[in-house]
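Take a look at the structure below. This report covers its charged pairs and then its contacts with RNA.

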Amino acid sequence: MEYRQTLNLPSTEFAMRANLVEKEPRILEKWREMGIYNYVQKHRTGCPTFVLHDGPPYANGDIHIGTAMNKILKDTVIRYKVLRGYRSPYVPGWDTHGLPIEHKVTTTLGTKARSMSQMEIRKACEDFARQQIEVQKRQFQRLGVVGDWENYYATLKPEYEYKIYEVFEKLVNDGYVYRAKKPVLWCHNCRTALAQAEIEYHDHTSPSIYVKFKMKDSDEYIVIWTTTPWTLPGNTGIAVHPDHHYVRVRVKDEVWILAEKLLANTMDELKIDEYKVLEDFDGKLLENKIAIHPLYERESRIIVADFVDMETGSGCVHIAPGHGEEDYEYGHLMYGLEVISPVNEEGIFTEEAGKYAGIHIDKANRLIIDDLIAKGAFLKEGKISHSYPHCWRCKKPVIFRATEQWFISVEKSDLRNRVLRQIDMVTWIPSWGKNRISAMIQERPDWCISRQRVWGTPIPAFRCNDCQEAILDPLIINHFAKVVKEKGTNAWFELSERELLPTGYTCKKCGSKNLSKMYDTLDVWIDSGASFEAVLTTRPDLTFPADMYLEGSDQHRGWFNSSIVLSVVKHDKAPYKTVLTHGFIKDEEGKKMSKSLGNVVDPLEVCSKYGADVLRLWLASSDYFNDIRISQNIILQQVEVYKKVRNTFRYLLGNLNDFSEDNIVPFEKLLPLDKWALGRLQQIIKSVTEAYENYEFSRVYNILVKYCSVELSAIYLDIVKDRLYVESKDSLKRRSAQTVLYYILKSLLVMLSPILAFTCEEAYEHFKSQKMKYESVQVEHWPEYHEEWIDQKIMGDFDELMRIRDHALKSLEEIRQAGTIGHSLDAKLIIKSKTEEILNLLKEYEQYLDEFFIVSQVEFSKGEEELETRVQRADGEKCDRCWKYHPLTGTEPQFPKTCPRCAEVLRKQEG
RNA sequence: GGGCUCAUAGCUCAGUUGGUGAGAGCGCACGCCUGAUAAGCGUGAGGUCGGAGGUUCGACUCCUCCUGAGCCCA
């Protein structure tokens with residue numbers, strides 16, 4: 001096959017086999033060496049900004065698929081914005097304080113932790129957190145995420161902590177912070193108050209007991225129901241529903257009061273067959289009646305509340321304002337019932353509980369029931385399985401316990417409504433996010449911000465040893481913040497009260513100088529929620545507000561929520577202009593991932609097995625606004641797609657091997673098919689750009705994957721192959737095609753680079769045609785959309801030609817099946833039509849038809865039907881060089897077995 | 001239990017304000033090519049649009065309920 005040497009076959013160093021597992025680390029090394037982040041920033045100096053503010057992941061453990069998704073999405077957005085000409089700085093951050101790390105560190109230390117000082121434990125936590133940051137940093141980088149990894153932010157850095165205090169000082173100064181005794185979710189195992197975010201709900205079996213309380217002014221009894229007998233020492237009231245009916249019932253020689261709706265059910269439970277309803281009345285008539293606590297002989301007032309459940313129990317609910325949220329709100333806030341909570345931090349009854357003092361609440365139920373039986377007040381005990389709050393760390397059931405805590409009031413200065421107004425001005429993607437977070441803000445209670453933990457940002461509060469006043473003063477906060485800037489928050493533990501207080505500071509209430517520091521720390525949501533202040537307003541390369549926050553939809557309650565509340569307090573403004581949320585990752589069946597189900601996909605494993613680009617491609621293929629799915633199968637599918645795209649790059653590169661921008665053919669001189677292809681590229685650019693602008697990456701993926709495999713691989717590249725290989729290197733026919741290939745490749749590389757970060761970089765390195773080149777595709781510019789390159793006449797003509805092509809392909813397949821031909825070049829295509837338009841069209845493109853249909857000859861003539869195609873063997877002999885058949889093949893003695901076209905090309909080559 | 005969200009071929013996604021027989025890519029099956037070759041091309045088979053009602057002349061598209069799944073709460 002000597003003629004093979006005379007062809008212009010594609011050639012490139014860009015390997016067909018990706019071998020991403022080895023190649024990606026090499027590209028990472030290149031980026032590291034060139035300082036890619038600063039390189040990109042430098043190339044966008046003075047450009048308009050787009051600031052995406054990173055929500056800090058918790059610095060604990062290896063990254064999982066969810067955190068990987070989040071970071072890749074951010075990276076994709078930023079890469080896109082940079083290509084669009086924005087200066088888009090990205091400062092990654094970490095959330096480092098809080099219980100999970102403290103828990104992990106103390107359990108790792110084991111018994112040793114007990115002999116360690118708070119300072120020593122804090123130091124161990126800090127070391128652990130910093131080490132985790134390094135681990136996660138490397139893992140995020142492995143995914144191809146570009147950012148200012150050297151100058152990351154972290155909530156444990158002194159300069160960050162300093163800014164937390166600036167926000168906190170403002171909160172205190174403006175009067176948002178108050179101290180109150182309030183039942184808070186409490187884990188007596190971890191000995192701490194818990195935020196709602198630290199609670200998990202699991203099924204739990206509780207006792208279900210009925211108890212009768214004697215009425216003070218009569219011999220009647222009110223039947224109450226509870227699932228927490230141990231809270232009865234805290235009982236100060238009984239709630240009934242105002243709008244439901246209640247009844248007086250005679251049972252033996254007693255009269256009981258309970259809800260009419262639950263009468264039958266209760267009697268059934270109590271196994272009482274004989275009873276008689278004496279009277280039926282509205283629940284609200286019971287309001288403010290007094291019952292007598294069976295254990296303490298004290299008064300228990302009846303209140304009305306619409307939360308009273310009419311499905312279970314007796315319709316008369318035991319109220320302990322010290323042991324429940326609703327009990328507190330209705331009982332204490334509305335009726336002024338006393339908050340009794342005789343339980344210490346370990347869950348042991350205090351002296352206030354009388355005879356139960358010293359007993360753990362977990363063991364109290366039995367005792368209390370026995371006492372109730374002894375008093376004759378006990379009616380029945382059962383079991384009930386229900387969803388019950390558990391501690392997120394130790395997984396044990398939690399309780400409500402009234403303690404002194406610091407709170408942020410959401411009503412002060414109309415804060416709630418101010419936040420709501422800001423929410424309204426933010427763009428939420430998807431749009432239902434606005435509704436979701438609005439509802440949450442609408443309903444959120446005051447924010448309990450104190451934690452009884454060591455590893456956190458200390459609340460710089462003092463206790464007056466003389467009058468017991470808890471002191472939180474902006475002056476002290478400010479004074480301490482300055483210390484923190486220098487020494488970090490450890491100073492709170494290291495320095496004495498004298499050093500921590502402004503000179504001469506005295507208790508405002510009693511004037512005492514005898515003050516002791518308190519050791520509560522701040523809720524970590526204050527830490528991360530203050531990032532707008534610690535990062536956005538602090539770093540000169542960033543802006544406040546940020547253009548975008550991008551996190552999972554769980555952050556409507558979390559970070560978006562805490563951030564906007566604090567930002568409205570500090571700046572009267574939302575910290576973000578747009579909030580983009582994504583869903584969660586599930587397995588192939590749509591089930592949540594869990595170790596026990598064994599359906600967990602590890603992003604690092606995907607990287608080490610297939611490459612980060614495959615993971616990124618998978619993400620791009622998914623509609624991440626909702627929950628998305630991943631599995632081995634789904635990943636393998638992306639491997640196939642990846643190969644297709646990679647091969648398209650490779651083929652384009654190979655055919656542009658001898659092409660430079662000097663060879664570009666102006667639009668007017670392009671061949672019609674090439675004009676069509678260039679027009680299609682414009683349409684692709686337009687639709688891809690629109691998709692990116694809406695952050696619809698799955699649309700980008702679909703458009704471009706289809707473009708590569710259908711329009712390029714199956715159609716355009718297949719057709720143009722003949723010209724590229726066979727025609728003279730410098731011929732217009734060849735350069736015309738290469739011109740279009742050049743635009744296609746350049747556009748594709750840029751448009752896919754936010755997704756296939758590594759592969760596009762690699763291909764860009766092999767892309768030699770371009771004169772002005774950067775060191776990285778990342779600073780390239782988005783392809784220009786040339787509307788004038790869409791020739792409507794040509795586009796329309798080719799639509800019609802494509803229709804004829806579909807028809808012809810079926811005819812070709814038929815005779816291929818019959819064994820008449822193999823390759824389509826063996827064929828002659830005969831087209832018949834009764835339609836003038838079609839015949840005119842074919843006439844107009846006559847000289848391009850054999851190329852277009854990839855056959856050796858095309859004949860067309862008037863026929864009977866609208867469109868009819870037939871195929872037969874081509875006339876003449878097969879040319880040894882271009883494999884096309886031609887009647888005159890072999891007539892050139894100088895070049896045996898060639899067709900006239902090839903002979904002509906060869907003559908030129910020799911000359 | 002409440003709020004929000006999702007449910008279209010094996011997989012990933014399209015389906016404009018309800019309107020002729022439900023689409024694409026991948027995968028799969030069968031075949032072709034051997035000058036993109038651990039590639040390339042062609043043809044084809046796959047869906048009662050989660051289920052049940054309802055509104056309408058007509059619904060994958062609107063309403064109700066149910067089932068399953070997820071996030072956030074209780």
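A search of the whole structure, which is a predicted model, finds 66 salt bridges. Side chains of opposite charge can pair when their charged atoms come close.

| Salt bridge | N to O distance |
|---|---|
| R366 and D370 | 3.8 Å |
| K733 and E727 | 3.9 Å |
| R803 and E866 | 3.1 Å |

**Within one helix**

Start with R366 and D370. Both sit in helix α9, which covers residues 361-375. They are four residues apart, about one turn of the helix. R366 is partly exposed, at 43% relative accessible area. D370 is partly exposed too, at 37%.

Next come K733 and E727, whose side chains form a salt bridge. Are these two residues buried or partly exposed? K733 is partly exposed, with a relative accessible area of 41%. E727 is buried, at 9%. Buried here means under 20%.

**Across the sequence**

R803 and E866 also meet in a salt bridge. R803 belongs to helix α25, while E866 lies in the loop between β29 (857-862) and β30 (868-873), so the pair ties together parts that are 63 residues apart in sequence. R803 is partly exposed, with 34% relative accessible area. E866 counts as partly exposed at 35%.

Some salt bridges share partners. In this way D658, K729, D730, R734 and R735 are joined into one network.

**Around the RNA**

Now turn to RNA strand B.

A polar side-chain atom of R650 lies 2.6 Å from a phosphate oxygen of RNA strand B. For S713, the distance from a polar side-chain atom to a phosphate oxygen is 2.6 Å. For Y725, it is 2.8 Å.

Helices α11 (432-443), α20 (632-655), α22 (697-726) and α25 (792-817) each supply at least two of its residues.

Which helix gives the most to this surface? It is α22, with twelve residues. Helix α22 bends by about 45° at L712. Of its 30 residues, 21 are buried, so α22 is largely enclosed by the rest of the structure.

Conventions:
Residues numbered from 1 in each chain as written. Chains lettered and ligands numbered in written order. Predicted model: local features only at pLDDT ≥ 70, side-chain atom pairs only at ≥ 80, totals over all residues. Heavy atoms only, no water. Polar contact = N/O pair within 3.5 Å; in protein donor to acceptor, adjacent residues only side chain to side chain. Bend = angle between axes of the 7 residues up to and from the residue. Buried < 20%, exposed > 50% of the residue type's maximum accessible area, 1.4 Å probe, protein only. Salt bridge = Lys/Arg side-chain N within 4 Å of Asp/Glu carboxyl O.
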